[in-house]
Amino acid sequence: MVKRISVATALAVTLAGTLGWAANADPVDEKLYIDDLEMITRATAPEGHPFDEVLSGWLFRETETRAVEADSFSNPAMLYVERGAEIWNTVNGTAGKSCASCHGDAAESMADVGAHYPKWDADTQRPINVELQINECRTKNMGAEEYKFDAADQVALTTYIKYQSLGTPVSIDLSEGEMQAWWGKGKELYYTRTGQLNFSCASCHEVSMDKFIRADHLSQGQINGFPTYRFSAANMVSVHNRFRGCIRDTRAEMPAAFSDELMALEVYVTWRGTGLSVETPAVRQ
Amino acid sequence: MATESKPRVKLPKTAKAGEVIVIKTLISHDMESGQRKDKDGNIIPRQIINSFTCTFNGQPVFSCDIDPAVSANPYFEFDAKVNESGTFAFTWVDDNGSIYTYEQAIEVN
């Protein structure tokens with residue numbers, strides 16, 4: 001009997017401890033160095049932003065998760081970066097070209113490139129992201145087939161290209177073409193409640209940012225670290241995969257990857273992370 | 001991610017005698033548990049790395065058996081005290097009989 005009481009007491013203490021911790025859970029006040037390169041995880045928000053400060057999702061994660069991202073050796077996503085480098089150098093398609101045939105060393109030709117996508121694409125008259133840019137290159141220049149959405153090689157190559165911008169602050173040019181209008185459309189979607197749960201993106205990532213949704217510490221929903229390695233998937237997760245996952249969780253119908261809706265959302269959400277370092281490949285829960 | 005299994009090891013190139021160093025190891029491997037089924041409902045046969053060993057100049061440093069619950073790309077991190085220069089040798093054993101090895105020297109002064 002005595003034993004039982006002590007167990008109950010111990011449990012109560014544990015619960016109280018957990019709740020106390022949850023109530024005080026602020027984003028950590030720490031700096032992120034990936035292999036000694038300092039990342040910008042806090043940036044002054046651009047004009048018109050709902051927050052004063054833009055915060056990387058890294059600040060919201062558990063100590064162990066943060067440590068995995070900080071050492072590229074322990075980061076499982078680096079295996080995908082290596083795979084991306086192989087693809088970069090492998091000839092594919094009827095033109096007998098690899099990415100490297102035209103672009104040479106990615107460390108030079110792709111340096112900082114990923115930090116400035118999505119961009120305006122004059123040919124298709126819509127924004128283009130890294131995944132679609134790869135597909136355009138494959139069909140137009142390599143005589144290769146498009147990657148299907150979330151094909152393993154698409155994710156690995158996108159990760160490899162964005163990794164060349166590691167540390168570079170995110171910034172996109174909204175003055176090109178009709179980017180401003182797409183930004184507006186993305187903003188509208190961000191604040192539109194959908195699904196049986198009637199949530200908008202802002203419900204979690206703006207209004208309830210820094211609160212807990214069950215065991216999950218809600219971040220600002222930044223995409224500066226995508227494609228991201230998620231432990232829950234034991235795999236890389238692309239931006240449009242994550243968008244669709246979030247929308248699915250609100251129990252709404254999911255727009256197709258690279259549809260006008262999700263491209264507009266990518267433009268807007270990328271802008272919301274202006275000033276944060278590209279952390280690709282980031283590590284999350 | 002079905003790729004060739006490739007071991008990776010991170011440990012310092014030099015250390016002081018008696019120093020405790022951190023050794024990090026990772027091998028890319030699918031670690032197919034044998035619990036999953038393919039699209040037609042057939043069980044995908046188990047294929048995992050089933051053991052890992054680290055030795056220093058032939059002396060055991062760390063070893064373990066690995067079971068199917070361990071996720072893809074198993075990662076091990078452990079400490080070792082080094083008193084003399086020598087070579088760390090690492091061995092991973094695959095269910096299919098393959099043995100993956102890696103060696104790295106350390107200079108101790």
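**Exercises on a predicted two-chain model**

Helix 3 (residues 78–88) and helix 7 (residues 152–163) of chain A pack at about 95°, their axes 7 Å apart. The model is predicted; local features need pLDDT of at least 70, side-chain atom pairs count only at pLDDT 80 or more, and totals for chains, interfaces and linings use all residues. Residues are numbered from 1 along each chain as its sequence is written, with chains lettered from A and ligands numbered from 1 in the order written.

**Exercise 1.** Classify the angle between helix 3 and helix 7 of chain A, and sort the residues of their contact.

*Solution.*
- Helices are DSSP runs (H or I, at least four residues), numbered from the N terminus.
- Axes are lines fitted to C-alpha atoms over the stretch in contact; angles run from 0 to 180 degrees between N-to-C directions.
- Angles of 65 to 115 degrees count as roughly perpendicular, so helix 3 of chain A is roughly perpendicular to helix 7 of chain A.
- Contact means C-beta atoms, placed from the backbone, within 7 Å.
- Helix 3 of chain A brings residues including A:Tyr80 and A:Trp88; helix 7 of chain A brings residues including A:Leu157 and A:Tyr163.
- The contact divides into 10 nonpolar, 2 polar and 2 charged residues. Ala, Val, Leu, Ile, Met, Phe, Trp, Tyr, Cys and Pro count as nonpolar, Asp, Glu, Lys and Arg as charged, the others, Gly among them, as polar.

**Exercise 2.** Find the element of chain A with the lowest mean pLDDT.

*Solution.*
- pLDDT is the predictor's confidence in each residue, from 0 to 100.
- Chain A averages 91.
- Helix 1 (residues 2–23) of chain A has the lowest mean, 43.
- Over residues 1–24 of chain A the pLDDT is below 50.
- Where pLDDT is low, predicted coordinates should not be read in detail.

Note on methods: Helix = DSSP H or I, 4+ residues; strand = E, 2+ residues; numbered from the N terminus. Contact = placed C-beta atoms within 7 Å. Parallel < 35°, antiparallel > 145°, perpendicular 65-115°, else oblique.
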